[in-house]
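A question opens the discussion.

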Amino acid sequence: MSSEDALTPPDTASQPENLLQSPRSQDSTSKFSDINQYPESEPLSAITDSPMVGDTGESSQNCYTMQDYDPTSHHCELNIPLGSIYNAPSELFDFEPDMTMELNEVDLQHLDAYNINIPFEVGPLTFPTMNDAAIRDGPLSSSQPIIVKDAFKTSQWTFHPSASDSSRAEEHNLSISTNCEHSSPVSGTRSDNERITPVKLATTGRDKILTTVMKYCNVDSVLKSLSAFPSLELLDSLIQFYLASTISQATEFIHTPILDPNQQRPELIAAMVAHGAVLTLDPTLTKFGYALQECMRVTIPILWEERNELVRELELTQSFFILLEIGLWSGQSRKVEIAESLFQPILTMLRRGNKFKRSFYQDIIVHADMGIEELDQKWRLWVQYESFRRLCLRLLRHDSNSSISLLINPLLSCAEIILPMPMSKHADFLFDDADYIDDPGLFDVMTSRNDTASICQAFLSCAWSLSWDLIQYGAMQRRSPQLWNASLLTSRRDELIKKLNSFRFNTESILSNSPGLVMQLENIYLHLHVSVSDVQIFAGIEGRQRSSEIYPLIETWAKSEAARTAVWYAGQILRATRLLPRGQLQGPLAIMLYQASLVLWVYGLWCGHCETQNPMPSEAPKPRVYLDDAETVGVRRFTQLGSGLPCLTFRSYDESTPDDGQIPLSDHETVLDIILTEFTERSTQGENRSILVNKLMHILARLRESTEGTTEQ
């Protein structure tokens, strides 16, 4: 078959419209529905091959070469000059921003001024806006320079310990100079009627936090920390900022109506302060937040060791979980690895305490003739049960997000989560003690109300756990096809997709107002059709050698229906990203957009070289298929038949620059520009971005540079 015939779109005019199924509704009736089979080659399960840690790929018997594939395939070959694509693959992920944890004189001056003027707006949905000049400067412009270092050794995913790494390396950042006078770069306060908690932090509460910190500090640092700890007003504002943040979503597992920062455990309040400081994205406050997080992370296990009864205490468990969230999404390889390793102990304590079982949560019965004290005891017992329920579901969500981000096995099985669903926030967390004392019948009202958002999150977390199992089973089936029944895996995959489709249909009203949930759902679909681990290896995360070894698998995948379906879901993730409020693209959502970007980039490389080798006649252009728009018949023709030209729409946030809605994936450089623009628009608060987002943007920018001009070769 000639090269011209290879790129001729299939004749879809004679295809019945009812044969074109939605990508979301494909099941076992699809010819190539098996995740371990491709139409043009023997079963290789490229989309499910996720090499384990430590797999160097040096064994030649396990490496695939081009001879493993059908040489008569009518699709064009992906003859990409690897040398031009991977100019420095070993350095591509070697990025650590210039984020030293040592406070300099300017930082001390800023922190001293912050004790007087709070340097951030703490409204729940209010974020500083970026001016038009910053937008016009391009997707990578920032007041914080992005510095490329020799750094796969210090990348987000791999930690290489050095002699300077220790739990006390950031201790000096707990101090704030009180002798410097400097105006705050930004100012903002919160009125009393906008507070999340009714009680302000008092001097006694601050003293408790300071006492806890002093137990952690070295003797030489005690006097400095005593005289230079943040002011009462700043600490209280950071607490409110954390509780009000839609990124932290703290009210999902912390009962705020009765939260008294002066009566709770100081470890819990300190953890809130640390997370609030990190969420501001202010460089100076971020250093302080990470230092306080490190202090509490070391302190809480000591308390558990000294008093074993505390392992069942709610507040310490909440505190430790907050610290793990800070570490996992810090973008610092050391903190990420520590957060990953310390997640197992907190799961074990909750599991051994029966918190994942229904038997722990006793029925609470109240009567009209009960006294006030007895009602108050019942109320507080119910609050504890509800808080534990919500904490367990939040840990389930954290576990799935960690698995997606690090591409590791989930630690929680969806089968062991057997607990009552949490009540709606409108039915429980918004009522205070007096409501239940005056009207005990409210308990009966709550039993018919559930928190649908938490239930949706729990379903998606369990769905990811099942998806990960399928991906791993597919990888084993590819390595030993004679030992595994491919039809069984296909059946399980089809059943899971049906469940996901049913979930989408039944929660349409919820998903329409929750772009974050949509991104999680589309990300699960994405992983069922592509091995993101293989795509990252191809991008150079494990070096030039492994990138070359994985190349045949990526090429075979790019020719399959699974690849076309995967880029559709990647485009839908981009579409949902554009619906996020400004500043909300953080943590797991940023990772999801990054993974979708890699899939679009790899498929775009293949499309670009196919077009270069076999150009289409100008009089017969392909119909355009927009992957980041609503599903159409054209989308179905593309995913199932390969008909059409996959494109993305470009959205300009500068009024002086018109939108250009015709960017084909083959223009992979512009595709990455689109992604970087969305990263900038959706993750930036003022002029600052988180370390994690900066690292992800740096990787995409380097990919763009490494492949620049390859389309024309």
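In which sense do strand E2 and E3 pair, and over how many bridges? Strand E2 (residues 645-648) and E3 pair in the antiparallel sense, over two bridges. Strands here are DSSP runs (E, at least two residues) and helices are DSSP runs (H or I, at least four), numbered from the N terminus; two strands pair if DSSP finds at least two bridges between them.

This is a predicted model, in which local features need pLDDT of at least 70, side-chain atom pairs count only at pLDDT 80 or more, and totals for chains, interfaces and linings use all residues. Residues are numbered from 1 along each chain as its sequence is written, and side-chain values use heavy atoms, with hydrogens and water left out.

The open sheet has three strands in the order E1-E2-E3, with mixed pairing. Strand E1 (624-626) and strand E3 (663-664) each have a single partner strand and stand at the edges, so one side of each lacks a neighbour in the sheet. E1 and E2 run parallel and are joined by three bridges. Residues that stand opposite one another are listed here.

| Residue | Opposite residue |
|---|---|
| Arg 624 | Leu 645 in E2 |
| Cys 647 | Pro 664 in E3 |
| Leu 648 | Ile 663 in E3 |

Both faces of E2 are covered: Leu 645 and Cys 647 on one side, and Pro 646 and Leu 648 on the other, are all buried (under 20% relative accessible area, 1.4 Å probe, protein chains only).

Elsewhere, helix H21 (residues 532-539) is mostly covered, with eight of its eight residues buried. Among them are Val 532, Ile 537 and Phe 538. Just after H21, Gly 540 takes a positive phi of about 110°.

How values were computed: Buried < 20%, exposed > 50% of the residue type's maximum accessible area, 1.4 Å probe, protein only.
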